[in-house]
Each structure stands twice: as structure tokens, then as C-alpha cells.
Amino acid sequence: MAFHDDLLELAQHLANLHPGSPHQASLRRAVSTAYYALFHLLISEATANWARPELRAILGRCFDHGQMKTASATKVSEINAAFKNNSQEKAKDSVAVHLRGVADAFIQAQQRRNYADYDRTREVTPVEVDLQIASVSERRQNEARSPTERTERRKRAS
Amino acid sequence: MFDDEEVLHPLEAARDNGVVQLPTAFVQQARFQTAVSRAAQRLAPHGVVQIIPTLGEDWSGEPAVFFMVILTDAASRRDRLLNISNEVSQTIYQQVQPLEKWGVLPYFNFRSQSEQAKLDQPAMV
């Protein structure tokens, strides 16, 4: 199983570790682990076409959380602007809609991970954990669905 | 979109270190709250009880708005959660336009009504 799939499975395991009386430690680790599942999924997708497979892991080390967030926010904004007064374009451009979904899921998951790891001023709840895991799972399923769309998305995301 | 939501220019104030720009959401907080409340009303039939916006900075220091969305317990079920969260975020993106119109990057968190009651957190706006 791919590393990001292992992480997602681990996040689900952590979320269900104490049913009925969830512990903050396991809920927070679940949120954080789900984010890293998405982080490594995106890196895996981005480096998959690199001609020399033995260098893909090294290439993956170049990816930076902050730069990925900035790129994602820019992409969401661009696509929203393009769709603003053109709902017909939105209806037919499934690639752009999907790309916006990926970028937004990444931004949201990253901020939730930051809360979970560092912010003790408020509790993390099971609903927040469920959403984090469901959001990453959805991205994972979509990435696995259509190789043709994936190729197109890679072109347009770059 | 809404009559009272014309585009406003960010407040600019000259300081020792040059011109400082504040996002419109920080300067026009009451108007921003009104825009959010209108979106929340439209989402009520989907199970949205309340949307509480809190202005601040995200982990990287960018101006942000953190929406705490309170859902009915029925809407918070695992099989409905993803759909309702997508519906909420898309409605906020389209109707409020937090980044394009108000200069803040939107973040969404969701809780059920019973979770919120248990935590008994004061609403921070």
C-alpha cells in the first residue's frame, strides 16, 4: 500500500481509538495524520511522471508546506474569478472544478493540522476529525478514478 | 450581489514604515458579519444552525477568517458531513467572496449542535 494510504488508514484508526469517549491526543493526531496523508498524496502525484523513479523521493523533499499553500490559494482564487460570471464554463470545466476542490481541501486540511498540533485553546471534536478524514479520503478516491483527468490536471496545475 | 456590499477599498494608513493595508473585512466588520449572516440564512435548510466568523491570521501570518459552522446533529452525521461542508464552503465562496471582496482567506470548521453545547464556547466575533 502507498505511504499516503497507510497514513490515511492510521488516521482512521486513531479517530476510532476511544469510541464513546474520544481522547484529545488521538483526535489531534488523527487530524494531523490525515493532513500528512494528503500532503504525501499530492507529492506522489506531482512526482509520478519524473523520468527517473529512483529520484522521485528526493524530488519530493523540495515540496514546502507554505509554498504549497500559497500555490493552492492562488489557484482557488483564479478559478473562482474565471467562474464568477460564467456559470456555463463552470458546468463544462470539470477539470477546473476538481482542481479547485483539491487546492481548497489542501488549504483547509493544513490549517486544521496546525490547530490540532499547536492550539490547545479549544477542543478538537469528533465531527472535525470526521470531516478532515472524509475530505482527504474523497481526494484520494478522486485521484485514483481517472488517469486521463489526472494528466490534464497536472498540466493545468503547473 | 447584495445591495449593501459594494466593493470597498482597503483602509490605507501612512505609518513610519510606509503604507499599511488592512483587509476590508477588518475595517468593515459589521458589513462583513451581515454578509455572512445572509449566507447562513440561505444555508439553514441544509442543517446549518449558525456560522460564527472570527478574524485573525492563519498559521503563515496571512489575514484570514475562521468560520465555525454549527450544524444540526442530523447534518453532522458521517454520511452527510462531506456534502454539507462542501455546500457551505461553496455558498460562502460565491456569496460572501471572502478573499476577492474582503481580503481574507477563508477557513472552515464544523461542529454539531450537541458538541457546541457541550463545549459551551462563547461566540467570538
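Me: In what order do the elements of chain B run from the N terminus on?
Reply: Chain B of this predicted model holds 5 helices and 5 strands. Of its 125 residues, 37% count as buried. Read from the N terminus on, the elements of chain B follow the order β-β-α-α-β-β-α-α-β-α.

Me: Which strands stand at the edges of the sheet in chain B?
Reply: The sheet is open and consists of 3 strands in the order β3-β4-β5 (chain B), with mixed pairing. An edge strand has a single partner, so one side of it is left without a neighbour in the sheet. That applies to β3 (48-57) and β5 (105-112) of chain B.

Me: In which sense, parallel or antiparallel, does β4(B) pair with β5(B)?
Reply: Strands of a sheet pair through backbone hydrogen bonds, in either of two senses. On one side, β4 (residues 63-71) of chain B pairs with β3(B) over 9 bridges in the antiparallel sense. Its pairing with β5(B) runs over 8 bridges, and the sense is parallel.

Me: Which residue of β5(B) is the bridge partner of Phe66(B)?
Reply: Phe66(B) belongs to β4(B) and is the bridge partner of Thr54(B). A further bridge to β4(B) joins Leu55(B) with Val65(B). In β5(B), the bridge partner of Phe66(B) is Tyr107(B).

Me: How many of the 9 residues of β4(B) are buried?
Reply: A residue counts as buried if 20 or more other C-beta atoms lie within 10 Å of its own. By this criterion β4(B) is mostly covered. The number of buried residues in β4(B) is 8.

Me: Is Lys101(B) buried, partly exposed or exposed?
Reply: Lys101(B) is located in helix α4 of chain B. A residue needs 20 or more neighbours to be buried and 12 or fewer to be exposed. Because Lys101(B) has 18 C-beta neighbours inside 10 Å, it counts as partly exposed.

Me: Which element supplies the largest share of the side of chain B that touches chain A?
Reply: In all, 22 residues of chain B are in contact with 20 residues of chain A. At least two residues of this side of chain B come from each of α3, α4 (98-102), β5 and α5 (113-119). The residues of this side divide into 10 nonpolar, 7 polar and 5 charged. The largest share, 7 residues, comes from β5(B).

Me: Why do α1(A) and α7(A) count as roughly antiparallel?
Reply: The axes of helix α1 (residues 3-15) and helix α7 (residues 126-145) of chain A come within 11 Å and cross at roughly 160°. The cut-off for roughly antiparallel is an angle over 145 degrees. The two helices, α1(A) and α7(A), are therefore roughly antiparallel.

Me: What is the handedness of the crossing of α1(A) and α7(A)?
Reply: The residues that meet include Leu8(A) and Ala11(A) in α1(A), and Val129(A) and Ile133(A) in α7(A). The residues of this contact divide into 6 nonpolar, 2 polar and 1 charged. As α1(A) passes α7(A), the crossing is left-handed.

Conventions: Residues are numbered from 1 along each chain as its sequence is written. Chains are lettered from A and ligands numbered from 1 in the order in which they are written. This is a predicted model: local features need pLDDT of at least 70, side-chain atom pairs count only at pLDDT 80 or more; totals for chains, interfaces and linings use all residues. Two strands pair if DSSP finds at least two bridges between them. Helices (H or I, at least four residues) and strands (E, at least two) are DSSP runs, numbered from the N terminus. Two residues are in contact if their C-beta atoms, placed from the backbone, lie within 7 Å. Ala, Val, Leu, Ile, Met, Phe, Trp, Tyr, Cys and Pro count as nonpolar, Asp, Glu, Lys and Arg as charged, and the others, Gly among them, as polar. Axes are lines fitted to C-alpha atoms, for helices over the stretch in contact, and angles run from 0 to 180 degrees between N-to-C directions. Angles under 35 degrees count as roughly parallel, over 145 as roughly antiparallel, 65 to 115 as roughly perpendicular and the rest as oblique. A crossing is left-handed if the near helix is turned anticlockwise from the far one by less than a right angle, and right-handed if clockwise.
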